Amino acid sequence: MKENNVHKLYIRYFDIGLHPENKFPIPISPIRFQDNPGEYTIVPVVFIQNKVMLEKNLDVNELAQKTFDFIEEINSKNKITCEQIQIDCDWTLSSKNNYLKFIEVFKKVSKKKLSATIRLHQVKYFKKTKIPNVDSGVLMYYNMGSIAPDSLNSIYDQKVAERYLKSLKRYPLHLDFAFPIYSWGVHIRNNTVIGLRSKMNTKALEKDPNFEKTSPIFFRVKQSNYKNGVFYEENDLLKIEEIKTEDLKEMAKDLKDNLIRKPNEIIFYDLDEFNLNNYEKNTFEQIISCF
């Protein structure tokens, strides 16, 4: 982080889901800080599951107040001050009204700068999906396809992205960009996806004698085994979906070619030793310099 001159961290504080019985919104796995991240500017990020916004009797005012209070509680406990908060929610046409109202109320309650994550389809169809009343948006330039046993990469697919890029010039909200630097394995049995296995890449599997590479992205299980607590049956397949430096450069070029305004920030998702070790130290600076 020092070598890449990082000053700002977007940190997931908690998710908001629904209590399984009474269907009230509840915080899920809130963060615990081991150290005070004093030298960095911190932006708390709260992910709200869309099903929360779909609840017909949702008390949006109460949810906004409780969400802000919990962020403040975490900040106060860890001696963190923040000037900006980010709300992450993949809202839909059915949840749109609750979500947009939540943003309005949260902005008033928090009196902070507010950013919201924006998906590609929300850029293209913004007249239908509407635009949240935030100071800026972060375009999540990943998770473009469906997780499937085919050979496509669900994290990033240039052909899929191309369908949306032209819309960027018409989008009224200022956008920064979040690029993916994570990878995972799609676990396939009898041509059916049975799970996603995080923190997996080609390099790691090539060294594992239990797996045999059958194509640039597919590995076959040679003998039944356990890996990281997961059972793999003989002949199961793992499809590795990962993002290479060339992909990041391609993303940056395609976005730049379709922009009216330069982004103020590029965010790399997510900060993790496993992810960072897959890239040369200067990769991130190279991507940023594309803009």
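Colleague: Which residues of strand 6 point one way and which the other, and are they buried or exposed?

Modeller: In this predicted model, where local features need pLDDT of at least 70, side-chain atom pairs count only at pLDDT 80 or more and totals for chains, interfaces and linings use all residues, Ser136, Val138 and Met140 point one way from strand 6, while Gly137 and Leu139 point the other way, and all are buried. Residues are numbered from 1 along each chain as its sequence is written, and side-chain values use heavy atoms, with hydrogens and water left out.

Colleague: What makes strand 6 "mostly covered"?

Modeller: Five of its five residues are buried, a word used for under 20% relative accessible area, against over 50% for exposed and partly exposed in between (1.4 Å probe, protein chains only).

Colleague: How do you know that strand 6 pairs with strand 7?

Modeller: Pairing requires at least two DSSP bridges, and four bridges join strand 6 (residues 136-140) to strand 7 (residues 175-180), so the two count as paired, and they run parallel. Gly137 has Leu175 as its bridge partner in strand 7, and Val138 stands opposite Asp176. Strand 5 and strand 6 are also parallel, over four bridges, with Ser115 partnered by Ser136 of strand 6.

Colleague: What is the strand order of the sheet, and which are its edge strands?

Modeller: The eight strands form an open sheet with mixed pairing, in the order 2-1-3-4-5-6-7-15; strand 2 (25-28) and strand 15 (266-269) are the edges, each pairing on one side only. From one strand to the next the twist averages 30°. Helix 2 (residues 60-77) packs on this sheet, touching strand 1 (8-18), strand 2, strand 3 (41-48) and strand 4 (84-88).

Colleague: Why is helix 2 called oblique to helix 3?

Modeller: The axes of helix 2 and helix 3 come within 9 Å and cross at roughly 50°. That makes the pair oblique, because angles under 35 degrees count as roughly parallel, 65 to 115 as roughly perpendicular, over 145 as roughly antiparallel and the rest as oblique.

How values were computed:
Axes fitted to C-alpha atoms, helices over the stretch in contact; angles between N-to-C directions. Contact = heavy atoms within 4.5 Å.
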